[in-house]
Amino acid sequence: MKNTLALTLAAVLALGVSVTTTTRAQDAGKVDFEKQVLPILKESCFKCHVKEHEDNGKMKKPKGGLRLDSAAAIIKGGKEKPDENVVAGKPDASWLVKSMALPDTDDLAMPPEGKGDRVTPANIDLIKKWITEGANFGAWKGVE
Ligand code: HEC
């Protein structure tokens, strides 16, 4: 009797676990902006593309008028390519990732030549995937 109870319990637990894993598996295939994309932008782009701030007594403005530290700003884009920084569903039309993939010598290659390491192809693919999936920021809003 004890054994049957234990078995039933084990079966119920196993079922519970498998249900949770299936729901997670659906999300698991999708790129999580805050966990996976934001760290890349922080590492390679935040030096020049965040809200105006004071640094060593000097005011630093976002380069090209482009801020990457808030969801709204990422969508808004910069001076030259407004509304084309991130075009949901269209990585090939999105300068955020196009700029990373350009050859070093191109004027719009980001980070600019000599100003930081290029983003790795794997990370570029990850950001492309995030854009293809609809460029969803989840709960992340960033700096106002
Ligand atoms: C060392 C400074 C620096 C870093 C780091 C940097 N950028 Fe830039 N970025 C610039 C400057 C300067 C411009 C203005 C255009 C120019 O002069 O090339 C610019 C412009 C841009 C533009 C065009 C904005 C517009 O609409 O005019 C995009 C897109 C961009 N950067 C994306 C990025 C991304 C993505 C990263 C990180 C991979 C990055 N940048 C890292 C300096 C930087």
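This note sets out, point by point, the fold, helix packing, ligand shell and backbone features of a predicted model.

1. Basis of the note. The model is predicted; local features need pLDDT of at least 70, side-chain atom pairs count only at pLDDT 80 or more, and totals for chains, interfaces and linings use all residues. Residues are numbered from 1 along each chain as its sequence is written.

2. Overall fold. The protein has 5 helices and 2 strands, arranged along the sequence as α-α-β-β-α-α-α. Helices (H or I, at least four residues) and strands (E, at least two) are DSSP runs, numbered from the N terminus. Of the 144 residues, 22% are buried. A residue is buried if 20 or more other C-beta atoms lie within 10 Å of its own, exposed if 12 or fewer, and partly exposed in between, with C-beta atoms placed from the backbone. Among contacts with a separation of 6 or more, 46% join residues 24 or more positions apart. Two residues are in contact if their C-beta atoms, placed from the backbone, lie within 7 Å.

3. Packing of α2 on α5. The axis of helix α2 (residues 33-44) comes within 10 Å of that of α5, and the two cross at roughly 130°. Axes are lines fitted to C-alpha atoms, for helices over the stretch in contact, and angles run from 0 to 180 degrees between N-to-C directions. The crossing is left-handed, a term used if the near helix is turned anticlockwise from the far one by less than a right angle, with right-handed used if clockwise. On the α2 side the contact is made by Phe33, Gln36, Val37 and Ile40, and on the α5 side by Asn123, Leu126, Ile127 and Trp130. By class, this contact has 6 nonpolar, 2 polar and no charged residues. Ala, Val, Leu, Ile, Met, Phe, Trp, Tyr, Cys and Pro count as nonpolar, Asp, Glu, Lys and Arg as charged, and the others, Gly among them, as polar.

4. Phe33, in helix α2, counts as buried because it has 20 C-beta neighbours inside 10 Å. Phe33 and Phe137 are 104 residues apart in sequence, yet their C-alpha atoms are 5.5 Å apart. Leaving out residues up to four places away in sequence, Phe33 touches Leu38, Trp130, Asn136, Phe137, Gly138 and Trp140.

5. The peptide bond from Met110 to Pro111 is cis, with omega near -10°. Most peptide bonds are trans. Pro111 lies in the loop between α4 (95-101) and α5 (121-132). Ser44 belongs to helix α2 and is buried, with 21 other C-beta atoms within 10 Å. Beyond four places in sequence, Ser44 touches Pro111, Gly116 and Val119.

6. Positive phi values. Most residues other than glycine have a negative phi. Asp83, which is not a glycine, has a positive phi of about 65°. Asp83 is placed in the loop between α3 (71-76) and α4 and is exposed, with 9 other C-beta atoms within 10 Å. Ala135 also has a positive phi, near 50°. Ala135 is in the segment after α5 and is buried, with 22 other C-beta atoms within 10 Å.

7. Ligand shell. Which residues are the closest to the ligand? They are Cys45, Cys48, Gly64, Gly78 and Glu80, within a shell of 26 residues. A residue is near a molecule or strand if its C-beta atom, placed from the backbone, lies within 6 Å of it. Helix α4 gives the most to this shell, with 4 residues. By class, the shell has 11 nonpolar, 8 polar and 7 charged residues.

8. Loop residues. Ser70 is in the loop between β2 (58-60) and α3 and is partly exposed, with 17 other C-beta atoms within 10 Å. The C-alpha atoms of Ser70 and Lys141 are separated by 5.6 Å, although the residues are 71 apart along the chain. Apart from neighbours within four places in sequence, Ser70 is in contact with Lys141, Gly142, Val143 and Glu144.
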